[in-house]
Amino acid sequence: MRLNRIRAVFAVAVCLAAAILTATAHAMSDEGRFPGAWRLVSAEYRTMDGSIIDSPWGPEPQGMIMYDSYGNMSAQLGHRERARFAGGDQLRGSPEEIKAAFESFNAYWGRYKLDEQSRTVTHIVQQAMFPNWTGSKQVRYYKFENNRLILTTPPIRRGAQEVIGVLVWERAH
């Protein structure tokens with residue numbers, strides 16, 4: 001009888017240890033590090049020769065990107081000092097006000113998929129402020145440094161030149 005109890009306790013201990021090791025390994029994997037809310041620290045575009053050019057979100061951008069453990073994501077980025085509409089009605093802005101609002105903010109949501117081998121996260125966009133992104137796959141290279149997530153775009157066209165976007169995110173608390 002006593003031997004059976006010892007075996008049962010040992011079996012429970014082994015199961016608990018396995019569960020703890022599995023949870024710890026998941027949390028330490030990239031897949032386990034993504035879920036949560038991330039606050040935008042910096043955003044810049046670099047030309048193909050590495051020169052830094054202005055970000056559309058200004059020198060002190062604001063933003064948040066969120067990933068959950070079910071594969072959902074959303075991102076919002078904006079200029080800290082966005083001009084308000086004179087009339088206070090979003091449906092009655094002047095063409096200039098609407099253009100400035102559109103150019104100083106970006107938002108999209110959808111699903112995401114990680115590829116730890118290539119160190120990429122693909123945002124599978126279901127809806128976006130920029131309509132051309134709806135239904136697209138936005139690939140980002142990623143790396144973690146301390147409490148930060150750094151996302152880098154492949155070369156993208158912005159106006160007349162190709163650039164690479166570098167966005168630094170810090171875990172939000």
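1. In strand 10, Trp169 is the bridge partner of Leu149. Strand 8 (148–152) and strand 10 (161–171) pair in the antiparallel sense over five bridges; strands count as paired if DSSP finds at least two bridges between them. Helices (H or I, at least four residues) and strands (E, at least two) are DSSP runs, numbered from the N terminus.

2. The model is a predicted one, in which local features need pLDDT of at least 70 and side-chain atom pairs count only at pLDDT 80 or more, whereas totals for chains, interfaces and linings use all residues. Residues are numbered from 1 along each chain as its sequence is written, and side-chain values use heavy atoms, with hydrogens and water left out.

3. The chain averages a pLDDT of 86, and 84% of the residues score at least 70; pLDDT is the predictor's confidence in each residue, from 0 to 100. Over residues 9–27 the pLDDT is below 50, and this stretch has four contacts in the model beyond near neighbours in sequence. A contact means heavy atoms within 4.5 Å. Where pLDDT is low, the predicted coordinates should not be read in detail.

4. Strand 7 and strand 8 run antiparallel and are joined by five bridges. Within this pairing, Phe144 stands opposite Leu149 of strand 8. The hairpin of strand 7 and strand 8 has two residues between the strands, and Asn146 takes a positive phi near 55° there.

5. Strand 3 pairs in the antiparallel sense with strand 1 over four bridges and with strand 4 over six bridges. Tyr67 of strand 3 is the bridge partner of Gly36, while Met64 stands opposite Gln76 in strand 4. Gly63, Ile65 and Tyr67 form the covered face of strand 3, and Gln62, Met64 and Met66 the uncovered one. In the hairpin of strand 3 and strand 4, with four residues between the strands, Gly71 takes a positive phi near 95°.

6. The whole structure holds ten aromatic pairs. Rings of Phe, Tyr and Trp (its six-membered ring) pair if their centres lie within 6.5 Å; planes under 30 degrees apart count as stacked, over 60 as edge-to-face and the rest as tilted. Phe34 and Tyr67 form an edge-to-face pair, 4.9 Å centre to centre with 90° between the planes. This pair links distant parts of the chain, 33 residues apart, with Phe34 in the loop between helix 2 (30–33) and strand 1 (36–47) and Tyr67 in strand 3 (residues 62–67).

7. Phe34 is buried, with a relative accessible area of 0%, and Tyr67 is likewise buried at 3%; buried means under 20% relative accessible area, exposed over 50% and partly exposed in between (1.4 Å probe, protein chains only). The rings of Phe34 and Phe144 have their centres 5.4 Å apart and their planes at 80°, so this pair is also edge-to-face. Phe144 lies in strand 7 (residues 137–145), 110 residues apart from Phe34. One aromatic cluster is formed by Phe34, Trp38, Tyr67, Tyr112, Tyr142 and Phe144.

8. The largest nonpolar core has 24 residues, of which Phe34, Ile65, Tyr67, Leu149, Leu151 and Trp169 touch the most other members. Such a core is a set of buried Ala, Val, Leu, Ile, Met, Phe, Trp, Tyr and Cys residues joined through side-chain atoms within 4.5 Å. Strand 1 gives the largest share of this core, four residues.
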